[in-house]
Amino acid sequence: GISTQYRGSANTGGHAQINNAVLLAGNELVQAGYEVVFHDVDMTWHKDIRPWLKVAGHRRDLLGMQAPYWNAKGIINSGFVYVVNTQKSRRFIQSLENLAPLKTTSDQLLWNIAVRHVYFSELSYRILPQALFYKYSGHRMPRPGNEMLLYHAVGNAKREHFEFHDTWYLNQTECPKFYADAPAPPITKTYKK
């Protein structure tokens with residue numbers, strides 16, 4: 001089972017098993033013709049990102065958060081991946097499901113080894129802008145700006161990460177940022193730090 005008091009590594013135990021189940025269910029949806037968002041539970045949405053993803057996913061197969069690694073755990077952070085339903089993405093997700101028994105605890109390793117494989121060299125993917133899809137990975141990172149659409153608290157000590165960036169809403173009935181009247185920023189804007 002999954003313990004609510006668990007304080008160990010974020011990628012072992014229940015987390016790894018949930019990722020397997022999510023991949024199986026997600027593949028069924030992709031094969032049935034749906035576009036699918038795979039994302040971890042350690043995220044807060046600050047706006048409805050679905051319209052933004054629809055536009056950004058035009059002529060793409062996958063959109064994913066950045067994983068700033070040059071080893072096998074990068075370039076896609078498997079904590080958030082949007083799968084546009086295309087023939088190539090259906091073949092890719094089916095292959096991931098087939099390969100899932102070979103992975104250990106890291107689904108990110110599986111996603112990135114597969115996306116870089118020569119068999120998927122025609123797969124069109126885009127890394128989502130960090131300013132909009134903010135992934136916290138240390139106190140040295142700049143705080144997210146008002147344009148942030150989604151916040152991902154990677155690693156351990158997740159509640160502390162959410163609180164540090166003022167994105168802890170689980171003790172409220174609704175997320176005040178998600179339900180604000182301000183629309184999501186346009187996709188045509190260039191976001192730079």
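## Stop 1: strand 7

Select strand 7. Both of its faces are covered: Leu 150 and His 152 on one side are buried, and so are Tyr 151 and Ala 153 on the other. Buried means under 20% relative accessible area, exposed means over 50%, and partly exposed lies in between (1.4 Å probe, protein chains only). Helices (H or I, at least four residues) and strands (E, at least two) are DSSP runs, numbered from the N terminus.

A word on the source. This is a predicted model, in which local features need pLDDT of at least 70 and side-chain atom pairs count only at pLDDT 80 or more, while totals for chains, interfaces and linings use all residues. Residues are numbered from 1 along each chain as its sequence is written, and side-chain values use heavy atoms, with hydrogens and water left out.

## Stop 2

The 3 strands form an open sheet in the order 2-7-6, with mixed pairing. Strand 2 (43–45) and strand 6 (133–136) are the edge strands, and each pairs on one side only. From one strand to the next, the twist averages 15 degrees. Two strands pair if DSSP finds at least two bridges between them.

Which way do strand 6 and strand 7 run? They run parallel, joined by 4 bridges, and strand 7 covers residues 150–153. Select Tyr 134: its bridge partner in strand 7 is Tyr 151. Next select Lys 135, which stands opposite His 152 in strand 7.

Strand 2 and strand 7 pair in the antiparallel sense, over 3 bridges. Click Thr 44, and you will find Tyr 151 of strand 7 opposite.

## Stop 3

Select residues 76–83. This is strand 4, which is mostly covered: 8 of its 8 residues are buried.

Strand 1 (residues 36–39) is joined to strand 4 by 4 bridges, and the two run antiparallel. Strand 3 also pairs with strand 4 in the antiparallel sense, over 5 bridges. Pick Val 83 in strand 4. Val 83 is the bridge partner of Val 36. Val 83 is also the bridge partner of Leu 62.

## Stop 4: a loop residue

Move to the loop between helix 2 (50–56) and strand 3 (62–66), and select Arg 59 there. Is Arg 59 buried or exposed? Arg 59 counts as exposed because its relative accessibility is 72%. Check the backbone too: phi of Arg 59 is near 60 degrees, a positive value in a residue other than glycine. Most residues other than glycine have a negative phi.

## Stop 5: two helices that cross

Two packed helices are described by the angle between their axes and the distance between the axes. Select helix 3 (residues 87–99) and helix 4 (residues 107–116). Their axes come within 10 Å and cross at roughly 130 degrees. Axes are lines fitted to C-alpha atoms, for helices over the stretch in contact, and angles run from 0 to 180 degrees between N-to-C directions. Helix 3 and helix 4 are therefore oblique to each other. (Angles under 35 degrees count as roughly parallel, over 145 as roughly antiparallel, 65 to 115 as roughly perpendicular and the rest as oblique.)

Show the side chains. Phe 92, Ile 93, Leu 96 and Leu 99 in helix 3 meet Leu 110, Trp 111, Ala 114 and Val 115 in helix 4. Contact means heavy atoms within 4.5 Å. The residues of this contact divide into 8 nonpolar, no polar and no charged. (Ala, Val, Leu, Ile, Met, Phe, Trp, Tyr, Cys and Pro count as nonpolar, Asp, Glu, Lys and Arg as charged, and the others, Gly among them, as polar.)

Stay on helix 4. Here 7 of the 10 residues are buried, so helix 4 is largely enclosed by the rest of the structure. Its buried residues include Asp 107, Gln 108 and Asn 112.

## Stop 6: Phe 164, then the whole chain

Select Phe 164 in helix 5 (residues 158–164). Phe 164 is partly exposed because its relative accessible area is 28%. Draw a distance to Tyr 136, 28 residues apart along the chain: the C-alpha atoms are separated by 9.9 Å.

Finally, zoom out. The protein chain has 5 helices and 7 strands. Of its 193 residues, 42% count as buried.
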